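Let's take a walk through a protein model together. Have the sequence and the 3D view open as you read.

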Amino acid sequence: MAGARDVKRRIRSVENTRQITRTMELVATSKLKRATDRVRAARPYSEALSAIVSSLHAPEYAEALPVLRQPERIRRAAVLLMTANRGLAGAFNANLIREGRQLLERLRADGVEVDLHLAGRKGLAYFRFRGEAIASSRIDISDDPTVGDAEGLSGSLREAFEAGGIDAVYLISSEFRSAMSTPPRMLQLLPLQPSEGALSAGAFILSPSAVGVLRDLIPLYLRNMVYRALVENAAAEQGARRTAMKNATDNAGDMIEHLTRTYNRARQAQITQEIAEIVGGAEGVG
Amino acid sequence: MSRLTVKVVTPERVLFEGEAASLVAPAWDGKVGVLPSHAPFLTLLGEGEVDVDLVDGGSARHPVSGGVLKVLADEVIVLTESGRPTSSD
């Protein structure tokens, strides 16, 4: 029989674990709050800029602006996959990596060569272990991503697309719906989706010109798409971690309750046995 | 009297939001002024300060470098990368 002392030791160990998971839950909760504020604060710029760009750009500008080109066939594509730098966030990283792997398989099945760009230590560790060729990787992006981080990721991809080295850019990151719901999401950054042209050039006075405005705004737009993805991904990571740590803390509580019952039973059995022995001994003497 | 609704927005946050009588912004080719009932207008910005004349008489200045200014139906949106306010009155 597992002695009462062994059970006691296990209870203490689970209590220590619960202390750690509870602390991580609290840390994630406070980081989540700040990250959510950042997501919200980033929305107005992103929405206004997207509206302007999507309403202005038209396929006929592609001659003047290589960033607008619509390749007929995609021969080579870049995949930018964002993960967290740290684990212990439930299935957060695993979901992103799976989404990335599926996209790689899909593209390769269509005969597309893929450049893999990774942001986040977890994705890097996985694809390095799998022996994938990695075109670039970043593991220095903090919980508080900056526009500069986004430029570092988007700038070179845009240039490669303009030069014709790649024909498409895909972005995989987590969508931040709520702390409980952070599904992975795939976005096509380039080529830009042809717009409906709601805001025709005729309706606005454009300075210097539609092409001139787009030449400046499209790089900002692409960078902002990446920036938003970084900010949302950071918030989603904290949300996923909080959920995972809350579950772990609850499970530890259940386990302690169960072990405490086992401990009490073991202790009671020990006492009963001791009494039985004493009574038996007394009878022997008497 | 008609007024302008002005927003100055950076990728990180909304810097300024309020009612204004007019504003002057540094467009890429020189300063432009915007008054209520302006025609729909979209221009790239250069370096300088967006100077907003508030309805209560004060003014707000925001340095900008690059970005875009959009005017539509008395709503002015300034999208810019940098824009720390320098003074409030």
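Here is a short report, starting with the ground rules and the overall layout.

## Ground rules

This is a predicted model, where local features need pLDDT of at least 70, side-chain atom pairs count only at pLDDT 80 or more, and totals for chains, interfaces and linings use all residues. Residues are numbered from 1 along each chain as its sequence is written, chains are lettered from A and ligands numbered from 1 in the order in which they are written, and side-chain values use heavy atoms, leaving out hydrogens and water.

## Chain A overall

Chain A has five helices and six strands (DSSP runs numbered from the N terminus: H or I of at least four residues for helices, E of at least two for strands). Starting at the N terminus, they come in the order α-β-α-β-α-β-α-β-β-β-α. With a radius of gyration of 28 Å, well over the 19 Å that the globule rule gives for 286 residues, chain A is more spread out than a compact globule. (That radius is taken over C-alpha atoms, and the rule is 2.2 Å times the number of residues to the power 0.38.) The C-alpha trace spans about 115 × 40 × 30 Å along its principal axes.

Of the 286 residues in chain A, 44% count as buried, meaning under 20% relative accessible area, with exposed being over 50% and partly exposed in between (1.4 Å probe, protein chains only).

## Helix H4

Now zoom in on H4 of chain A, residues 147-163. This helix bends by about 25° at A:Ser154 (the angle between axes fitted to the seven residues ending there and the seven starting there). Its buried residues include A:Leu153, A:Leu157 and A:Phe161. The buried residues of H4(A) pack against several elements, among them strand S1 (76-82) and helix H5 (210-285) of chain A.

## The cores

The largest nonpolar core has 78 residues, and A:Val79 and A:Leu217 have the most contacts inside it. Such a core is a set of buried Ala, Val, Leu, Ile, Met, Phe, Trp, Tyr and Cys residues joined through side-chain atoms within 4.5 Å. H5(A) gives the largest share of this core, 18 residues. A second, separate core of 22 residues includes B:Val34 and B:Leu45.

## One arginine

A:Arg38 sits in helix H1 (residues 4-56) of chain A. Is A:Arg38 buried or partly exposed? A:Arg38 is partly exposed, at a relative accessible area of 22%.

Key:
The expected span of a helix is 1.5 Å times one less than its number of residues. Contact means heavy atoms within 4.5 Å.
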